[in-house]
Amino acid sequence: MPRSFEELVDEAGRAPIQGWDFGWLEGRATEERPSWRYFDLVAGRVRGVDRLLDIQAGTGAMVAALPNVPLLSVATEGYGPNVPIAAERLRRRRAHLVWTDEGRPALPFRAGSFELVTSRHPIDTWWNEIARVLRRGGSYLSQQVGPQSLRELSEFLLGPLPSGSKRDPDAARDAAEDAGLVVTDLRYERPRTEFYDIGAVVYFLRVVVWIVPGFSVDLYRDRLRALHEQIELDGVFRTTASRFLIEARKP
């Protein structure tokens, strides 16, 4: 028997979201991965370096999962609830965590400290600081959220949105070059994303807070109910994410 709107929304609203755990969505939502396989790229790059910095590491899952961790591996994170989770994961791999202030674009490391700097889905990219802490010949490798990611979902709840975006890949290239880096790779894709029930939508919007800023079930209940009815009719709500890969070297 199909579950009601209220049951699905209440369940998703009570689900714990600490630690950026998307496992709760298994079987309820899917997102294609970009073809370049970011984790595999990072795993390949770290084999040849002794000093790694991962910026905005979230819960530290990527570094903790690497087959090989460089001799000196450091991660930064600025979101308080993620810090203890990341610290414990990284400690088990003999890596270090530094708690940074996301409102202050500064990395507390000496110039030329790292051969490889990585970042998966950074909120902002501190290009000048990245260029400063890289050694000559070192690289920055990042997968980032591109322009208009999940726009169909945002607009279903918010209405029409402006067309511009600060997350344009070409703008990232310009910023990297302005910081003195040489962009060696830039790729852009639109992975398909699907939600199979309204509970999955609610959970996702609670975790990924920038899709609908200020989201709450009470504030968007009417639009959520309309989306629930659409999913019930179609069996799925389809949208597209936006991702780009950028790699830049310090000459």
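1. Which residue in β3 does Leu53 stand opposite? Leu53 faces Val74 of β3. The model is predicted, so to speak of local features a pLDDT of at least 70 is needed, side-chain atom pairs count only at pLDDT 80 or more, and totals for chains, interfaces and linings use all residues. Residues are numbered from 1 along each chain as its sequence is written, and side-chain values use heavy atoms, with hydrogens and water left out.

2. The pair behind that question is strand β2 (residues 51–54) with strand β3 (residues 72–77), parallel over four bridges. Strands are DSSP runs of E with at least two residues, helices are runs of H or I with at least four, and both are numbered from the N terminus. Two strands pair if DSSP finds at least two bridges between them. Arg51 stands opposite Leu72 in β3. β2 is also joined by three bridges to strand β5 (residues 114–120), again in the parallel sense, and there Leu52 has Leu116 as its bridge partner.

3. Stepping back, these strands belong to an open sheet of seven, ordered β4-β3-β2-β5-β6-β10-β7, with mixed pairing. Because β4 (96–99) and β7 (182–189) stand at the edges with a single partner strand each, one side of each is left without a neighbour in the sheet. From one strand to the next the twist averages 15°; angles run from 0 to 180 degrees between N-to-C directions, and axes are lines fitted to C-alpha atoms, for helices over the stretch in contact. Helix α4 (residues 83–92) lies across β3 and β4, at about 160° to β4. Contact here means heavy atoms within 4.5 Å.

4. There is also an open sheet of three strands, β1-β8-β9, with antiparallel pairing. Its edge strands, β1 (29–31) and β9 (237–240), each pair on one side only. β1 and strand β8 (residues 192–195) are antiparallel and joined by three bridges, with Glu31 opposite Thr193. Helix α6 lies across β8 and β9 and runs at about 120° to β9.

5. Now the helix pair. The axes of helix α1 (residues 5–14) and helix α9 (residues 221–234) come within 11 Å and cross at roughly 120°. Phe5, Glu6 and Leu8 of α1 make the contact with Arg221, Leu224, Arg225 and His228 of α9. By class, that contact has three nonpolar, one polar and three charged residues. In this scheme Ala, Val, Leu, Ile, Met, Phe, Trp, Tyr, Cys and Pro count as nonpolar, Asp, Glu, Lys and Arg as charged, and the others, Gly among them, as polar.

6. Finally, please look at the second largest pocket, with a volume of about 420 Å³. Among its 17 lining residues, Gln148, Ser149, Ser165, Arg167 and Trp210 are the closest to its centre. A pocket is an open set of points on a 1 Å grid over the protein atoms alone, where a 1.4 Å probe fits, with protein on both sides within 12 Å along at least five of seven lines; lining residues have an atom within 4 Å of a point. Points are joined across faces, edges and corners, and the volume is the space filled by probe spheres set on them. Helix α6 (residues 151–158) gives the most to the lining, with three residues. The lining divides into eight nonpolar, six polar and three charged residues.
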